[in-house]
Amino acid sequence: MVIALVGRRIDPPDLTVPIFPFTAVKRVRERIHDLLRNSNAKVLVCSAACGADLIALQTAEELGIRRRIVLPFEAARFRETSVIDRPGGWGPAFDEAIKEAKVKHDLVNLNMEPRTEESYLQANQAILNEAISLAKASGDRVVAALVWDGIPRSDHDVTGAFGDAARSLGLQVVEVSTV
């Protein structure tokens with residue numbers, strides 16, 4: 001099975017209503033571990049932001065699952081804007097994941113304009129496309145995983161849009177709660 005995963009980043013310190021509090025990392029890690037193990041995942045395709053992505057990448061590594069990383073723009077800028085800007089010291093995990101993905105030719109950089117909604121939506125579509133391509137090559141199926149609180153933040157919620165896109169492709173969608 002190929003898992004295409006998108007999820008929430010760790011909450012910023014000033015957020016009043018929790019979406020993915022840092023205190024939930026251990027619980028979410030266990031839930032992602034169960035998802036990957038119980039689905040017999042062979043490949044994980046996701047981005048590498050702090051929170052759901054990096055937790056999933058670390059867990060997949062522990063389980064010996066291949067990891068393909070899709071970034072909307074170059075790694076150094078992504079690290080600044082989507083990794084180290086939240087609590088938790090995610091920088092080293094990101095650096096290690098990117099380093100290994102480069103070595104294994106499993107890093108996809110879309111070279112989009114940094115920090116636009118469109119760049120993240122395109123990254124989500126690329127995650128689905130990569131997962132589908134890898135599944136076809138191996139004769140597996142794709143499951144889309146949303147690691148989130150289950151509530152779209154707006155009409156333009158990027159995580160929610162991923163779920164919608166996966167469903168429109170006929171993919172099974174599973175949700176992992178961050179709260």
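Axes here are lines fitted to C-alpha atoms, for helices over the stretch in contact, and angles run from 0 to 180 degrees between N-to-C directions. With that in hand, welcome to this predicted model, where local features need pLDDT of at least 70, side-chain atom pairs count only at pLDDT 80 or more, and totals for chains, interfaces and linings use all residues. Residues are numbered from 1 along each chain as its sequence is written, and side-chain values use heavy atoms, leaving out hydrogens and water. Helices (H or I, at least four residues) are DSSP runs numbered from the N terminus.

**Helices H5 and H6**
- Helix H5 (residues 117–138) packs with helix H6 (residues 158–168) at an angle of about 35 degrees, and their axes are 10 Å apart.
- The crossing of H5 and H6 is right-handed, a label used when the near helix is turned clockwise from the far one by less than a right angle (left-handed if anticlockwise).
- Contact (heavy atoms within 4.5 Å) involves residues of H5 including Tyr 120, Leu 121 and Leu 128, and residues of H6 including Val 158 and Phe 162.
- By class, this contact has nine nonpolar, two polar and one charged residues; Ala, Val, Leu, Ile, Met, Phe, Trp, Tyr, Cys and Pro count as nonpolar, Asp, Glu, Lys and Arg as charged, and the others, Gly among them, as polar.

**Helices H1 and H2**
- Helix H1 (residues 25–38) meets helix H2 (residues 52–63) at an angle of about 50 degrees, with axes 9 Å apart.
- H1 and H2 are therefore oblique to each other (under 35 degrees counts as roughly parallel, over 145 as roughly antiparallel, 65 to 115 as roughly perpendicular and the rest as oblique).
- Among the residues in contact are Ile 32 and Leu 36 of H1 and Ile 55 and Leu 63 of H2.
- The residues of this contact divide into nine nonpolar, three polar and two charged.

**Helices H3 and H4**
- Helix H3 (residues 75–82) and helix H4 (residues 91–103) pack at about 155 degrees, their axes 11 Å apart, which makes H3 roughly antiparallel to H4.
- Phe 78 of H3 and Phe 94 of H4 are among the residues that make the contact.

**Cysteines**
- The structure holds zero disulfides, a disulfide being a pair of cysteine sulfur atoms within 2.5 Å.
- The sulfur of Cys 46 is 13 Å from the closest cysteine sulfur, in Cys 50, too far for a bond.
- Cys 46 is buried, at 0% relative accessible area, and Cys 50 is buried at 1% (buried means under 20%, exposed over 50%, partly exposed in between, with a 1.4 Å probe and protein chains only).

Note on methods:
Helix = DSSP H or I, 4+ residues; strand = E, 2+ residues; numbered from the N terminus.
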